[in-house]
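Hello,

Here is the structure I said I would pass on.

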Amino acid sequence: MASLLNQIGAVTALNVRSIPQRAWMSIASIVAVALTIAVLLFFLALAQGLTRTVEGSGSDDVAMVIRSGSNAELNSVVSRDQLTILSSGPGVMQRASRPLASGELLVIVDGLKRSTNTKANMPFRGIGAEGLALRRGVTITQGRMFSPGSNEIVVGAGLIREFAGFGFGETVRIRGSDWKIVGVFEAPGTVFESELWADVAVTQSLFNRPNAYQTMRVQLASPEAVAPFKTWADADPRLQGLEILSERAYYARQASQSNQFIVIAWVLGILMAIGALAGAVNTMYSSVATRSAEIATLRIIGFSGWAAFFGTMVEALALSMMGGILGILIAFVAFNGRTTSTLGSGFTQLVFKFDLSPPIVITAIVMAMVIGFVGGFFPGIRAARQRPQLELAAQ
Amino acid sequence: MTDLFRLTDVEKSYTRGKEKISIFDKLTMRIEEGDFVAIMGPSGSGKTTLLNLLGGTDKANKGEIEFDGKRIDNLSEGQLTAWRAANVGFIFQFYNLMPILTAAQNVELPLLLTKLSPKKRRDNVATALKIVGLEDRAKHRPREMSGGQQQRIAIARAIVSDPKLLLCDEPTGDLDRTTADEILGTLQVLNRDLGKTIIMVTHDAQAAKYAKRTLHLDKGHFVESELAA
Ligand SMILES: Nc1ncnc2c1ncn2[C@@H]1O[C@H](COP(=O)(O)OP(=O)(O)OP(=O)(O)O)[C@@H](O)[C@H]1O
Ligand SMILES: [Mg+2]
């Protein structure tokens, strides 16, 4: 047993130290694995960042009201009357003897995306007077909140980074009306950072959508208050056709769109892995071929087939791990933590950060190891089967 | 003298496609312990095949091969591998050193198959290098040495684990006369002073003179009168 470990160690050292003899091939297979891993990580980190941002947007103790069956705010409708009834529901918090509730209207407006210099959709949200108070993670970091009834808007910091022409103090023309940007808000890790906010009444009138609300947010006393609130609303015939759920649950549902990136990650990742695998197998077969006299000699001397197998395996794993680590480094340097934007729900741009979480990095390492393992397995068997015969050692 | 090898009715054939090529047909022979046998014969006569059978690197189709009183023809692949490591030192025409290992590391290779401690391994390597007269080349790599020196390193590797038997396939086939004579002289010393049984395949009649006796192989058959010796 100790001898087998000695043997494996010696054969592995021989393999690894002879890598420079196959330098270009080895480098090529390292790079192939690195690219595979980087691409896989790109999409997984994208999906993760997207999921985290969308899921992180909702609170447990805020009830979200939408029309049943509408999976996006855009095709939801809540009437003014329903809004009034809901504001008086059980558990609704008050501030200055007014209910902490906000009827909202989301419209889509155009903006110029900095990265691509092309037009893209931005979410323009009309919110009620309590809209800001309902979102505890949001703080005005520059300027002030818009004043009710005015053509003023506040802009999310993420949106400013991604879109041109929305700087603090600027006046922007949207759908034929001028709007003044009076404040900038930050809402780290939430979808709101990608939005423009204005007074809901002004939004309704300037976008020609009188009295139209799509959603309503209601601040409840606690997360436990959501269920009774829903039971109460379900029992009221005037509130039929509405769906009530916690804001967190609503955004968790929205986050499922990042599944598409996970699918892309794995489809691309696996396709590229097959390519990288072909490269690895090739490199290892060539390693076995160039060392065939060496392997035959070792076998004649008394080294076991296992040692030859493991030597090849370890070389393959070493190469693929180097590729994996390189891929992870590329990912960390090139995009981890970088802000990006993509089409979120409601066909608007959503700004978020790539997120290389530890499980994703582990996934990448496992992927690299699988490539190395499969890439070394069959060449390893060929090495182990190398006959220990004198004429073979003479080549 | 006791027999180191006893071959009885050994048959060896290869199949190439549908064709069966018989190399040995009922080969019976003995080799005494302490012998130094040169095997000569035309190309294709089966010399290397015989070394493979004796060295446990190939299997006979039929017949018995006894080494030191024990049969080796019925050992499994793994048992044969261990048997080789313990009993046989191989010396090749092209030395077959690992180019990236130093002389000492090359010589140490067979010791990695033993339970010896690193310290003991180092001592044995030093002894083996001393026997071949290259203790000052321990740190050199094969390409920094002449062919003759490389073959000496290979001899050191073959004897480092103190096997009874040395099998040499054309050990001087790649060397000039003078160097060849030095190598053959070393083999002679190993045979005479250390009691190694040596079986050496060669095309060179001069080389064969260093052996105690020469067997001539032709189409799988030895000259009977020589076998009796
Ligand atoms: N693995 C094999 N498969 C098929 N035929 C083989 C194999 N090994 C050897 N032979 C055949 O067996 C015969 C004897 O070969 P062997 O290598 O023993 O000859 P040799 O006496 O060593 O010749 P040389 O002097 O050229 O080294 C040859 O005809 C060879 O082609
Ligand atoms: Mg031969």
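A polar contact here is a pair of N or O atoms within 3.5 Å; within protein, one must be able to donate a hydrogen and the other to accept it, and residues adjacent in sequence count only if both atoms are side-chain atoms. By that rule, seven residue pairs (both at pLDDT 80 or more) are in polar contact between chain A and chain B.

This is a predicted model, where local features need pLDDT of at least 70, side-chain atom pairs count only at pLDDT 80 or more, and totals for chains, interfaces and linings use all residues. Residues are numbered from 1 along each chain as written, chains are lettered from A and ligands numbered from 1 in the order written, and side-chain values use heavy atoms, without hydrogens and water.

Interface: 25 residues of chain A and 27 residues of chain B are in contact (heavy atoms within 4.5 Å). One salt bridge crosses the interface (side-chain nitrogen of Lys or Arg within 4 Å of a carboxyl oxygen of Asp or Glu). Glu77(B) and Arg299(A) form a salt bridge at 3.5 Å, N to O.

Cavities: the whole structure has six of 30 Å³ or more (sets of points on a 1 Å grid over the protein atoms alone where a 1.4 Å probe fits but cannot get out; lining residues have an atom within 4 Å of a point).

Regards

Methods
On a 1 Å grid over the protein atoms alone, a cavity is a set of points where a 1.4 Å probe fits but cannot get out, and a pocket is an open set with protein on both sides within 12 Å along at least five of seven lines; lining residues have an atom within 4 Å of a point. Grid points are joined across faces, edges and corners, and a volume is the space filled by probe spheres set on the points.
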